[in-house]
Amino acid sequence: MLIAGERREASSGRTLDVKNPATGEVIARIPRGDTDDLRAAIEAAVTAAPDWGDRLARDRGKVLGRAAALIRERTSQLAEQLTREQGKPLREAVDEVQGTANVFEYYAGLASSFADTRLRLPGGIDAEVRYEPIGVTGAIIPWNMPALLFAWKAGPAILCGNTQVVKPASSAPLTPLALAECMYEAGLPPGVLNVVTGPGETVGEALVAHPAVRKISFTGSSATGRQVMALAADRVARITLELGGSDPMIVCADADLDRAVAGAVAGRYYNCGQVCTAVKRLFVQERIADEFIRRLTTSVGRLRVGNGLDTGTTMGPLNTMAARDQIDAMIDRVRERDEGTVAAGGEVPGGSAAREGAFFAPTVVTDVAPESALLTEEVFGPVLPVVRFSTLDEAIRLANDSRFGLGASVWTRDPGTVREAARRLQAGIVWVNLHLKVPPEVPFGGVKESGLGRENGVQALQAWSEEKTVLLRA
Ligand code: NAD
């Protein structure tokens with residue numbers, strides 16, 4: 001753990017194993033923190049808050065800029081560690097580490113645009129809207145993109161003058177810890193950022209419930225998000241929730257098919273399908289459906305499943321054996337209930353490596369029944385359900401028929417279709433002829449059960465500040 005800038009063991013002395021999902025081997029033992037450790041971290045954050053909040057945003061930004069440079073320098077070590085604990089192919093881990101540096105650089109660059117606003121009102125009144133730090137904040141992150149999501153929260157929170165306690169996921173805590181250390185090497189004063197490892201049900205809940213923590217930013221499943229929201233409601237703590245998704249991808253008959261196939265493959269199988277904004281439901285227009293499915297299954301067949309550290313691997317394992325078994329059971333149910341046709345994959349690949357690792361073959365299921373869990377639940381793994389549609393109206397209705405609303409994409413050459421889809425799709429982000437890309441410059445978040453509030457963009461500066469209005473009469 002990292003408390004007040006120092007590495008610490010758990011006060012109980014207990015540990016948790018971190019395993020490489022490709023081999024099952026234990027790669028690290030991390031402290032199994034509990035509420036005592038969490039309290040120590042919050043105290044450190046409380047102590048550090050006044051001085052950090054008083055500094056110039058420009059000085060705070062410099063720390064983020066230096067941290068970004070260190071992260072870039074260490075890209076290969078950080079990426080290798082990320083692959084070992086999370087499973088993704090090294091190339092994707094490098095992308096994520098560079099994306100993390102991009103986020104810190106972006107917020108470092110915003111430091112000088114962080115300004116209070118002034119206006120003159122009738123009656124000789126001057127108004128000021130001041131952006132003040134919230135104080136001590138909490139960040140709870142999942143295991144699927146542990147580096148990037150750390151940066152989405154810590155970057156703007158720290159720039160805005162807050163202090164923070166981060167709770168990483170227990171199956172991918174090493175990269176967030178290494179990133180926090182980069183921030184200290186970059187000049188962060190002790191206690192401004194603290195990382196407490198340990199179970200969500202103890203450390204996570206205690207972080208959300210602690211009265212000193214004025215804002216919680218949570219990224220994870222919708223089920224846990226609901227618990228976080230209920231707990232935060234007790235004391236009206238500010239919350240941002242980035243939750244699950246079941247993103248639709250609509251492929252119209254006039255789309256560039258090769259681009260759409262490449263987009264579907266990247267959109268679904270990147271990070272072994274474990275991305276909140278992965279393509280989780282694909283709708284293809286009847287007229288081109290057979291040809292599209294033929295090209296899709298051919299392209300999926302070319303993915304090389306293996307240990308993310310091996311050159312040539314294009315899809316790694318799932319993050320845990322339990323997640324692999326869940327996906328396997330889901331496909332068994334589809335077969336038993338005749339809810340679709342497995343057109344590619346659909347099984348645990350053979351071979352001894354596959355037995356040790358959490359591998360599952362990249363899977364395509366066509367002609368999926370509307371009641372199938374593949375369409376109604378968030379499937380966090382490499383399974384793509386494909387459904388045919390005839391009109392744009394029908395596609396949009398099917399796409400919106402979900403309790404989630406994170407992202408959605410439409411693939412077409414027709415400007416009218418673009419306008420219609422952008423207007424009617426219920427999602428926090430709509431992509432046209434692309435999917436998955438989330439640059440730090442634009443706000444990101446979901447509608448419906450996919451979340452509450454936005455991260456990224458200049459909007460994050462407001463989200464991590466308290467606005468105080470001051471009215472002055474001379
Ligand atoms: P999860 O909800 O199980 O865990 C997320 C984090 O919450 C972990 O650190 C966990 O330890 C902690 N936690 C667990 N129980 C808790 C509790 N009762 N109180 C407080 N904290 C608790 O999610 P996961 O399986 O790690 O991540 C996958 C999910 O995250 C998927 O649903 C995915 O869509 C979602 N996700 C969303 C986004 C987004 O930006 N919308 C991004 C990435 C992942």
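User: What makes the pair Arg29 and Asp17 a salt bridge?

Analyst: A salt bridge is defined as a side-chain nitrogen of Lys or Arg within 4 Å of a carboxyl oxygen of Asp or Glu. In this predicted model the closest N and O atoms of Arg29 and Asp17 are 2.9 Å apart, and the pair is therefore called a salt bridge under that definition. Arg29 lies in strand β4 (residues 26–31) and Asp17 in strand β3 (residues 15–19), 12 residues apart, and the pair is said to link distant parts of the chain. Helices (H or I, at least four residues) and strands (E, at least two) are DSSP runs, numbered from the N terminus. As to provenance, the model is predicted, so local features need pLDDT of at least 70 and side-chain atom pairs count only at pLDDT 80 or more, while totals for chains, interfaces and linings use all residues. Residues are numbered from 1 along each chain as its sequence is written, and side-chain values use heavy atoms, with hydrogens and water left out.

User: Why is Arg29 called exposed, and why is Asp17 called partly exposed?

Analyst: Buried means under 20% relative accessible area, exposed over 50%, and partly exposed in between (1.4 Å probe, protein chains only). Arg29 has a relative accessible area of 57% and is therefore exposed, whereas Asp17, with 39%, is partly exposed.

User: How do you know that Arg324 is buried, given that Arg324 forms a salt bridge with Asp325?

Analyst: The two labels rest on separate values. The closest N and O atoms of Arg324 and Asp325 are 3.2 Å apart, while Arg324 is called buried because its relative accessible area is 10%.

User: What are the labels of Asp367 and Arg388, whose side chains meet in a salt bridge?

Analyst: Asp367, at 43% relative accessible area, is partly exposed, and Arg388, at 24%, counts as partly exposed as well. Their N to O distance is 3.1 Å. Asp367 is in the loop between β15 and α13 (373–376) and Arg388 in strand β16, 21 residues apart. A search of the whole structure finds 30 salt bridges, and those that share partners join Arg226, Glu377, Arg403 and Glu449 into one network.

User: Why does Arg268 have no salt bridge?

Analyst: Arg268, in helix α9 (residues 257–269), is buried, and the nearest side chain of opposite charge, Glu378, is 7.3 Å away. Lys and Arg count as positive and Asp and Glu as negative, with His and the chain ends not counted. The side chain of Arg268 does reach the backbone oxygen of Gly273 at 2.6 Å, which is a polar contact, meaning a pair of N or O atoms within 3.5 Å; within protein, one must be able to donate a hydrogen and the other to accept it, and residues adjacent in sequence count only if both atoms are side-chain atoms.

User: How do you know that Leu82 is buried, and which residues does Leu82 touch?

Analyst: Leu82, in helix α3 (residues 75–86), has a relative accessible area of 0% and is therefore buried. Contact means heavy atoms within 4.5 Å, and, not counting residues up to four places away in sequence, Leu82 touches Gly87, Lys88, Ala93, Glu96, Val97, Pro146 and Thr175.
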